[in-house]
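These are my notebook entries on a single protein chain. I record what I looked up, one topic at a time.

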Amino acid sequence: DYVVTSTLASQCPPAVGRALGFSVADTIFQRNNPPSKKQVSFVTVGDGSIHNAHFLSAFNLARHARYRRTKCPVVFGVSDNGLSISYSTDGYADFLFTKSQSNPQATKQRDGIPLFKANGSDMFDVYDKTMQATAYSRKNSAPALVLYQALIRRFGHAATDRQHAYLDASVVDRMAESDVVASGIVQAVEQWSALTYSEALDRFHEIGQVA
């Protein structure tokens, strides 16, 4: 299932609920699926949303489930571009989640939620770290978190976002010039050999006509 919500971070509590529901369903229906077939709930938010009570309560419930050894296979994906609506988050997401794992024994503790950091501008790394987190969650029936860093917000967040009020014009211009899609195409062509630049250009024009 794919669920879209409109309220900031309100997708997080249902995601944890689904994860808890998987273990309940396994018990009710006496399912004994192999690890590769176990379900995982995946939810994403922006770094601005981690201040919201929806995210905090969901994350806390997942940690509590881990502490109680209750099966809760949920993966939180946090996209960190360093900006929220009308202010800079200034690396707080990295501070928050890294600090929670600052104890070398954190991942060994009953309530530990492992942190996977990915370069959000590198498709290989995004895929690799997401797969690692998902594999951990599936194998252990436990929560995990992926922090997608080094992301660039090319345009304003929303119509109410006055980014020129808190960002220099040069910063806005530099962000607009960045293009993670272009770098992804370079990876697909030169590292994956998935297609040629000519094929990528044709596909680009094809999508543009539909849009």
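**Entry 1: arginine 69.** I began with arginine 69, which is found in the loop between helix 2 (53-67) and strand 2. Helices (H or I, at least four residues) and strands (E, at least two) are DSSP runs, numbered from the N terminus. The model is predicted, so local features need pLDDT of at least 70 and side-chain atom pairs count only at pLDDT 80 or more, while totals for chains, interfaces and linings use all residues. Residues are numbered from 1 along each chain as its sequence is written, and side-chain values use heavy atoms, with hydrogens and water left out.

I looked up the backbone of arginine 69 and found a phi near 60°, a positive value in a residue other than glycine. Most residues other than glycine have a negative phi. Arginine 69 is partly exposed, because its relative accessible area is 44% (buried means under 20%, exposed over 50%, partly exposed in between, with a 1.4 Å probe and protein chains only).

**Entry 2: two further positive phi values.** Aspartate 90 lies in the loop between strand 4 (87-88) and helix 3 (92-100). Its phi is also positive, at about 55°, although aspartate 90 is not a glycine. Aspartate 90 counts as exposed, because its relative accessibility is 69%.

I placed serine 141 in the loop between helix 4 and strand 6. Is serine 141 buried or exposed? It counts as buried, because its relative accessibility is 11%. Leaving aside residues up to four places away in sequence, serine 141 touches Lys38, Thr70, Lys71, Cys72, Pro73 and Tyr136 (contact means heavy atoms within 4.5 Å).

**Entry 3: helix 4.** I then checked the length of helix 4 (residues 123-140). Its 18 residues, at 1.5 Å a residue, should span 26 Å, and the end C-alpha atoms are 26 Å apart, which agrees. The expected span is 1.5 Å times one less than the number of residues.

Which residues of helix 4 are buried? They are Asp125, Lys129, Thr130, Ala133, Thr134 and Ser137. They lie on the same side of helix 4, because they cover an arc of only 155° around the axis, taken from the directions from the helix axis to the C-beta atoms. The cover over these buried residues includes strand 1 (41-46), strand 2 (74-79), strand 5 (115-119) and strand 6. On the face turned away from the buried side I found the exposed residues Tyr127 and Lys139.

At the start of helix 4, a side-chain oxygen of aspartate 122 comes to within 2.9 Å of the backbone nitrogen of phenylalanine 124.

**Entry 4: arginine 162.** I located arginine 162 in the loop between strand 6 (144-149) and helix 5 (169-177). Arginine 162 is exposed, because its relative accessible area is 53%.

**Entry 5: cysteines.** I searched the whole structure for disulfides (pairs of cysteine sulfur atoms within 2.5 Å) and found 0. Cysteine 12 counts as buried at 1% relative accessibility, and cysteine 72 counts as buried at 0%.

**Entry 6: the whole chain.** I counted 7 helices and 6 strands. Of the 211 residues, 34% count as buried. Among contacts between residues at least 6 apart in sequence, 70% join residues at least 24 apart.

Methods
Polar contact = N/O pair within 3.5 Å; in protein donor to acceptor, adjacent residues only side chain to side chain.
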